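Subject: Structure handover

Hello,

Here is the structure I promised to pass on. Please open it next to this message; my notes follow below it.

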Amino acid sequence: MPAVVLSLRTGRIAPLGPEGVPSGFVKHAVEGPVAVGPLGLEGDQQADLSVHGGPDKAVYAYAAAHYDAWRAEQPQHAALLTAGAMGENLTVAGIDENGICVGDVHAIGTALLQVCQPRQPCFKMGLRFGDSLMPKAFARSGRAGWYYRVIQSGVLRAGDAVTLRERPHPDFPFARLIAIVYHGGATPDELQRMTAMPGLAQQWRQAARKLLDRSAGSA
């Protein structure tokens, strides 16, 4: 099945949960074209820029097929578990974490986007579902979705194809990066590669370098 954007969403900062925590977690479908630049989609907001947003978290994509699994595992939240529930900007069909690699460049609309890191949930996911256990369930699932870096600005819309243009690291599956981010266990070779992998988000290149330096210091 060709990969395609089923839904394109943006969110404004609004109160979330019973305490009204400011958040852009809740996204709403947008009809028609939306401009995308280095900091994301036009009209999309993040409340805490210290952990959300920025060039390495410009656009968040999530596989539509995951929602069937979520509804089966979390039936109490079934009404919420539809496109956009995980706070994604792009809900995509025909592609998931097992079919992409770190650094893949995708053409979507007139933009070029690069796969650079997985999502790590914060407490706001628990607020969104009224369930403090949801972030842990998300982390255990491996269904993390992926953040894109924008390497060529352009215009996106629902219905656009997601076309692979470049695959600089075909032997570094994105699913392996998810396992490393959530569970550790990277080999020295993997860490070395991560430090010099331009497609990978800067925070994970730096983390790999620190682990290597620590290992060298204790040798």
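Phe138 is buried, at a relative accessible area of 1%. Buried means under 20% relative accessible area, exposed means over 50%, and partly exposed is in between (1.4 Å probe, protein chains only). Trp70 is buried too, at 0%.

A word on the source: this is a predicted model, where local features need pLDDT of at least 70, side-chain atom pairs count only at pLDDT 80 or more, and totals for chains, interfaces and linings use all residues. Residues are numbered from 1 along each chain as its sequence is written, and side-chain values use heavy atoms, with hydrogens and water left out.

**Aromatic rings**

A pair of aromatic rings is described by the distance of the centres and the angle of the planes. Rings of Phe, Tyr and Trp (its six-membered ring) pair if their centres lie within 6.5 Å; planes under 30 degrees apart count as stacked, over 60 as edge-to-face and the rest as tilted. The count comes to six aromatic pairs. Trp70 and Phe138 are stacked, because their planes meet at 10°, with the ring centres 6.2 Å apart. This pair links distant parts of the chain: Trp70 is in helix 1 (residues 66-73) and Phe138 in helix 3 (residues 134-141), 68 residues apart. Helices (H or I, at least four residues) and strands (E, at least two) are DSSP runs, numbered from the N terminus.

Ring pairs join Trp70 and Phe138 with Tyr60, Tyr62, Tyr67 and Tyr147 in a cluster. Trp146 and Tyr148 make an edge-to-face pair, with 6.5 Å between centres and 85° between planes. Trp146 is buried at 0%. Tyr148 is buried at 0%.

Arg143 lies over the face of Trp70, 4.3 Å from the ring centre. The charged end of Arg119 sits over the ring of Phe138, 5.8 Å from its centre. A charge sits over a ring if NZ of Lys or CZ of Arg is within 6 Å of the ring centre and within 35 degrees of the ring normal.

**Salt bridges**

How many salt bridges does the structure hold? There are eight. A salt bridge is a side-chain nitrogen of Lys or Arg within 4 Å of a carboxyl oxygen of Asp or Glu.

- Lys27 bridges to Asp44, with the closest N and O atoms 2.8 Å apart. Lys27 is in the loop between strand 3 (21-23) and strand 4 (28-29), and Asp44 in the loop between strand 6 (40-41) and strand 7 (59-63), 17 residues apart. Lys27 is buried at 9%, and Asp44 is buried at 13%.
- Arg193 bridges to Asp171, at 3.0 Å between the closest N and O atoms. Arg193 lies in helix 5 (residues 188-195) and Asp171 in the loop between strand 13 and helix 4, so the pair ties together parts 22 residues apart in sequence. Arg193 is partly exposed at 26%, whereas Asp171 is exposed at 53%.
- Arg209 meets Asp213 at 3.5 Å, N to O. Both lie in helix 6 (residues 202-218), four residues apart, about one turn of the helix.

**His169**

His169 is in the loop between strand 13 (162-166) and helix 4 (174-183). His169 is buried, at 14% relative accessibility. Leaving out residues up to four places away in sequence, His169 touches Cys101, Val102, Gly103, Arg193 and Met197. Contact means heavy atoms within 4.5 Å.

Best wishes
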